[in-house]
Amino acid sequence: MLNISLWGKTFKNPVVAASGTFGFSREYNEIYDVSILGGIVTKGLTLNKREGNEGIRCFETSSGMLNSVGLQNPGIDYFIENELPFMKTLNTIIIANLGGGSIEEYVQGAEKLDKSDVDIIELNISCPNVKEGGVNFGIKSNIAREVVKEVRRVVKKPLVVKLSPDAEDIVDMAVTCVEEGADGVSLVNTFKAMAIDIYKKRPVFKNVFAGLSGPAIKPIALRMVYEVSKAVNVPIMGIGGIKDYKDAIEFIMAGASLVQVGTANFINPFACRDIINGIENFLKEEGINSINEIIGVI
Amino acid sequence: MLNISLWGKTFKNPVVAASGTFGFSREYNEIYDVSILGGIVTKGLTLNKREGNEGIRCFETSSGMLNSVGLQNPGIDYFIENELPFMKTLNTIIIANLGGGSIEEYVQGAEKLDKSDVDIIELNISCPNVKEGGVNFGIKSNIAREVVKEVRRVVKKPLVVKLSPDAEDIVDMAVTCVEEGADGVSLVNTFKAMAIDIYKKRPVFKNVFAGLSGPAIKPIALRMVYEVSKAVNVPIMGIGGIKDYKDAIEFIMAGASLVQVGTANFINPFACRDIINGIENFLKEEGINSINEIIGVI
Amino acid sequence: MQYSSLKVLENREVAKNIFKLKLEGKYNVKPGQFFMLRSWEDEPTLSRPFSIYDKGENYISFLYEVKGKGTEKLAKLKCQDTVKVLGPLGNGMDISRIKGKVALVGGGIGIAPLFYFAKKIEAHVDIYFGFRDEVYGIENLKCKNLYISTESGKVGYKGYITDIFNPFDYNLVITCGPLAMMKKVKDVCKKTATPLYLLMESKMACGIGACLVCTCKTKDGMKRVCKDGPVFKGEEVVFDA
Amino acid sequence: MQYSSLKVLENREVAKNIFKLKLEGKYNVKPGQFFMLRSWEDEPTLSRPFSIYDKGENYISFLYEVKGKGTEKLAKLKCQDTVKVLGPLGNGMDISRIKGKVALVGGGIGIAPLFYFAKKIEAHVDIYFGFRDEVYGIENLKCKNLYISTESGKVGYKGYITDIFNPFDYNLVITCGPLAMMKKVKDVCKKTATPLYLLMESKMACGIGACLVCTCKTKDGMKRVCKDGPVFKGEEVVFDA
Ligand SMILES: Cc1cc2nc3c(=O)[nH]c(=O)nc-3n(C[C@H](O)[C@H](O)[C@H](O)COP(=O)(O)OP(=O)(O)OC[C@H]3O[C@@H](n4cnc5c(N)ncnc54)[C@H](O)[C@@H]3O)c2cc1C
Ligand SMILES: Cc1cc2nc3c(=O)[nH]c(=O)nc-3n(C[C@H](O)[C@H](O)[C@H](O)COP(=O)(O)OP(=O)(O)OC[C@H]3O[C@@H](n4cnc5c(N)ncnc54)[C@H](O)[C@@H]3O)c2cc1C
Ligand SMILES: Cc1cc2nc3c(=O)[nH]c(=O)nc-3n(C[C@H](O)[C@H](O)[C@H](O)COP(=O)(O)O)c2cc1C
Ligand SMILES: Cc1cc2nc3c(=O)[nH]c(=O)nc-3n(C[C@H](O)[C@H](O)[C@H](O)COP(=O)(O)O)c2cc1C
Ligand code: FES
Ligand code: FES
């Protein structure tokens with residue numbers, strides 16, 4: 001009753017671990033068998049290894065957290081050689097999250113991932129464009145269009161574009177990505193936000209800004225998923241502050257075929273497992289035969 | 001040490017009660033003497049009386065709340081005759097918040113308020129434009145430009161434009177408002193958000209969307225205030241999830257000359273009072289002589 | 001109206017999921033008035049409204065049902081803990097205005113405010129309380145006639161209290177409970193032209209009339225349950241379909 | 001590593017703002033390992049890391065200082081309450097690797113993990129603990145020599161523990177405490193070329209190595225305090241200016 005077929009693949013349930021919060025799944029697999037998940041998105045990968053940001057990387061806010069990890073990752077080659085084989089032993093869908101600082105970097109990374117054993121590529125366009133002085137690729141539709149177009153050209157696997165909530169017009173952004181061939185969209189990434197250390201009279205983060213995630217953002221993320229689902233007809237992965245099965249069902253009813261769970265894993269290491277069980281119970285109690293019946297019912 | 005002079009007026013401290021959360025100040029004045037406040041913004045006023053929205057108007061979220069009051073207010077004439085005289089007996093700055101559904105409605109309202117005894121007009125451009133089928137005035141800079149231009153023409157009093165965080169580009173929006181003669185900007189209003197009743201399989205609110213406020217939004221609001229303060233050189237009122245003096249000081253350091261406190265009044269009826277005292281203690285403990293020294297130090 | 005930290009004198013489960021909370025404090029309260037309570041810091045964001053259930057020289061008490069986050073936290077309170085309390089709030093009723101033979105019709109936890117009405121006008125009041133299964137909150141309740149119904153038939157009449165309530169005999173009816181029950185009471189009172197007061201509920205934020213989120217539709221427009229109510233005249237309230 | 005709800009056996013204030021928390025549970029733990037604790041629902045968002053302070057057949061215990069929201073909530077725990085516990089986490093140290101004469105240098109609440117080191121290697125360890133004013137956490141502490149300093153001079157040497165600590169005599173030094181203290185210890189150990197281990201701290205989210213927010217700069221790049229640490233070799237860690 002939780003099965004969902006998308007892009008020629010079957011997700012055993014709609015619950016997917018979100019990028020950057022689940023590493024390459026080894027760690028959570030020590031706490032519970034992560035094969036029960038519908039899917040797992042890898043930590044954001046870039047063509048070459050990155051060390052990520054210096055200084056404080058995490059700060060708590062009301063019902064949320066700010067992070068400034070800065071795409072620390074071992075690089076795509078290392079991932080394919082050392083992490084992917086383990087992930088492929090898991091009985092779940094593996095989604096590679098791809099980041100980059102320039103179109104060329106994205107394209108080269110995409111080529112490698114497309115040849116690898118990952119099931120799906122999630123293109124994270126909320127990365128600062130190093131060539132354009134750090135301007136985010138995910139804000140203006142016409143800039144995003146270029147990235148998606150070029151990456152699509154080299155990717156034969158299902159390509160999902162992950163949208164930033166800071167996009168000027170999230171609906172237009174989604175439509176643009178689909179026009180350029182995205183097989184799906186996932187939203188939202190973290191919100192650009194900040195915190196100030198009032199005693200030191202300076203921003204908490206070296207980069208000034210950091211990304212807000214967690215339950216705090218849920219009502220805005222849900223609205224965005226709803227609006228996007230009315231405008232595109234590709235599958236949507238709903239993300240943002242999902243902490244329990246009720247939140248997950250809200251996103252599904254708003255139009256998401258799958259949901260991704262991020263920060264909630266930190267709040268409750270069993271979050272994904274509890275959400276899967278919660279959805280199943282909900283469907284049973286409400287007499288709904290299949291999750292597919294409630295996707296986008298609103 | 002808390003005095004701030006802006007627009008030829010002296011605020012005795014930077015703490016202002018936010019529109020829609022403090023009524024016309026009579027109610028909170030029964031709990032404590034609201035004359036201690038730096039200023040008070042009225043409930044959003046429109047040319048004519050409005051009944052506001054039907055159905056549920058309030059829903060709680062993690063560290064926040066959604067509201068869908070829909071500009072219920074007695075109309076500007078009634079306000080000037082029946083509420084303003086009382087407010088003018090308070091020893092604080094009175095700011096009228098002006099809403100509207102069309103440019104004409106805004107202009108006519110502004111004319112009346114400009115002739116009244118209010119000290120400052122805060123123009124709320126995050127209202128749906130009834131003429132353009134409900135599209136929000138506050139999203140696109142060029143649409144906001146028209147409203148601000150026309151209202152400015154008829155307003156001699158200080159005019160502050162209140163920005164929506166849903167603006168496509170909040171910095172460009174602020175710059176546009178200042179270009180059109182705004183004496184200041186206040187930000188942010190509530191975020192467009194939603195909630196779904198999963199048992200009834202429908203949105204919680206009749207209007208589907210509602211406005212998110214409260215501590216949840218603080219990190220995003222703070223970032224916006226910081227970005228805007230780097231781009232304009234008019235005074236800024238910082239708003240969004242401020243619940244204690246630490247939050248207030250973060251906004252002030254980010255560039256706000258004044259802060260507005262909304263949802264926190266519901267969490268703690270003494271919130272504004274506690275924030276004023278907290279700021280004063282902070283300045284003393286840190287050996288800062290005047291609040292003016294820390295405005296925009298970041 | 002004042003905002004204070006009050007000490008818990010008692011917090012006892014009187015029936016399944018139904019608690020009685022007694023707080024130390026001296027208040028002048030009218031029946032139908034309520035307080036905003038908060039025994040937590042951050043979550044849930046908003047405080048919760050509860051009607052005055054009883055009061056003594058040095059205390060006020062509440063009867064509440066555990067429904068969600070807020071009431072779950074209240075249920076954990078122990079003696080000597082403190083609760084933040086704003087009130088008394090709302091219009092309440094002047095007892096001097098309550099004349100003649102009065103019926104109090106309550107359903108479920110809606111009986112809580114009616115207890116205090118009964119206490120104030122015990123000489124000339126009949127009580128109609130309907131419960132699902134267990135009966136609670138009627139300890140020390142004094143009145144002329146007490147009618148109890150339970151849906152399960154455990155105590156009293158088996159069925160809804162509105163099945164056995166007839167407003168014909170009364171000069172005034174005051175009701176509080178689930179919407180469906182109050183609508184029913186309104187309908188029957190209309191037929192007999194019996195004056196009726198309803199105690200309305202609504203999600204609240206400020207609780208004092210400042211934010212306009214708690215409105216209820218009336219013939220004279222949207223009114224604030226927290227300030228213009230919670231006691232409304234029967235004919236005033238417009239029930240949506 | 002497991003995620004469980006453990007029962008509170010004891011939660012006692014042993015010095016001003018310093019609590020000892022004892023939880024019922026059987027664990028295999030290495031000194032230097034830690035657990036993520038959570039005794040609340042929503043706020044603060046993240047769980048909090050605490051080092052193993054002591055353990056027995058049926059319990060694990062922690063020594064913590066009340067600093068902010070999280071530890072304030074821990075401080076309210078009463079016997080029989082439950083705490084959610086994830087662990088044991090981090091590398092910790094194989095005691096078999098600890099040979100020769102060892103010095104444990106701790107400052108403030110940084111002594112907490114060192115207590116468990118001392119317990120495991122009591123035969124050949126000297127202890128240097130510095131406090132601000134009050135001395136705590138040394139009950140039942142066994143070692144060859146115990147050096148105590150307090151900044152106020154209340155107990156022991158008046159000043160910093162690093163004033164009286166000299167690594168010259170030792171085969172190994174293990175330190176935990178404020179960054180400034182650990183830097184100082186690193187400096188002196190460098191001079192005498194004494195092998196050093198540091199117990200690093202960092203704000204944590206997942207606690208298990210999945211999220212990369214808790215990194216510490218090392219010669220070999222950014223490493224996760226929660227997984228690659230918290231025990232790091234002295235020469236490995238790069239302290240920022
Ligand atoms: C003037 C007034 C007086 C009152 N007096 C009393 C009194 O004396 N005694 C008393 O017990 N109560 C009284 N109430 C009601 C009381 O205030 C509420 O029961 C209380 O606020 C519930 O808070 P909670 O946090 O426990 O539940 P909440 O979490 O607020 O939930 C309340 C209800 O809403 C539902 N709900 C919550 N979240 C969702 C969601 N996401 N989707 C769908 N449904 C949801 C829950 O199932 C539950 O039934 C009064 C109310 C008013 C307005
Ligand atoms: C591996 C490891 C082991 C540990 N072991 C122990 C142990 O055994 N015992 C122990 O007591 N501690 C230990 N700690 C430290 C402990 O985890 C922290 O003290 C605890 O998380 C504090 O949580 P809190 O919510 O009480 O404080 P927080 O609210 O998180 O505050 C912590 C500190 O940050 C400051 N702070 C908070 N918010 C702000 C702000 N907005 N601006 C500026 N400053 C701010 C506070 O003043 C405070 O000093 C360990 C940490 C790690 C990483
Ligand atoms: C610590 C952390 C690291 C993250 N790293 C990535 C990343 O590498 N790539 C990416 O697309 N999103 C990343 N995200 C964003 C999450 O995948 C998710 O979109 C966001 O956190 C919102 O969901 P949540 O509220 O459930 O956490 C990260 C989030 C967190 C908290
Ligand atoms: C119940 C409610 C009603 C509001 N009404 C108005 C309004 O009439 N006009 C307006 O400009 N803003 C209105 N706001 C927005 C607040 O003034 C403020 O901008 C917003 O709530 C963010 O601040 P906060 O997080 O401190 O509440 C309202 C907010 C709330 C919660
Ligand atoms: S709750 Fe604010 S007006 Fe009633
Ligand atoms: S806290 Fe997540 S990697 Fe260390």
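Which backbone N or O atom lies 2.7 Å from an oxygen atom of ligand 3? In this predicted model, the atom belongs to Gly241(A).

Gly241(A) is also listed with Ser19(A), Lys162(A), Gly214(A) and Thr263(A) as the closest residues around ligand 3. The side chain of Asn97(A) places a polar atom 2.9 Å from a ligand oxygen. Gly44(A) contributes through its backbone, with a polar atom 3.1 Å from an oxygen of ligand 3.

Ligand 1 lies between chains B and C. It is surrounded by 20 residues. The closest are Arg48(C), Pro49(C), Gly68(C), Gly70(C) and Thr71(C). Gly68(C) presents a backbone N or O atom 2.8 Å from an oxygen of ligand 1. A backbone N or O atom of Glu65(C) lies 2.9 Å from an oxygen of this ligand. At Ser51(C), a polar backbone atom is 3.0 Å from a nitrogen atom of ligand 1.

Chain C itself is assigned two domains, domain 1 (4-89) and domain 2 (101-233). Their C-alpha centres are 20 Å apart. Domain 1 of chain C supplies 26 residues to the contact, and domain 2 of chain C supplies 24. The size of an interface is often given as the accessible area lost when the parts come together. Between domain 1 and domain 2 of chain C, the buried area is about 2,000 Å². Carbon and sulfur atoms give 65% of that area. On the domain 1 side, Pro31(C), Tyr53(C) and Leu63(C) lose the most area to domain 2 of chain C. Together they account for 27% of what that side buries.

Polar links also cross this interface. One salt bridge is counted between domain 1 and domain 2 of chain C. A salt bridge joins the side chains of Asp54(C) and Lys119(C), with an N to O distance of 2.7 Å. Five residue pairs are in polar contact across the two domains of chain C, with both residues at pLDDT 80 or more. Several strands of chain C give two or more residues to the domain 1 side that touches domain 2, among them strand 1 (2-15), strand 6 (59-65) and strand 7 (82-89).

Notes:
Residues are numbered from 1 along each chain as its sequence is written. Chains are lettered from A and ligands numbered from 1 in the order in which they are written. This is a predicted model: local features need pLDDT of at least 70, side-chain atom pairs count only at pLDDT 80 or more; totals for chains, interfaces and linings use all residues. Side-chain values use heavy atoms; hydrogens and water are left out. Domain bounds come from an automatic or database domain assignment. Contact means heavy atoms within 4.5 Å. Buried area is the accessible area (1.4 Å probe) that two parts lose on being put together, summed over both. A salt bridge is a side-chain nitrogen of Lys or Arg within 4 Å of a carboxyl oxygen of Asp or Glu. A polar contact is a pair of N or O atoms within 3.5 Å; within protein, one must be able to donate a hydrogen and the other to accept it, and residues adjacent in sequence count only if both atoms are side-chain atoms. Helices (H or I, at least four residues) and strands (E, at least two) are DSSP runs, numbered from the N terminus. A residue is near a molecule or strand if one of its heavy atoms lies within 4 Å of it.
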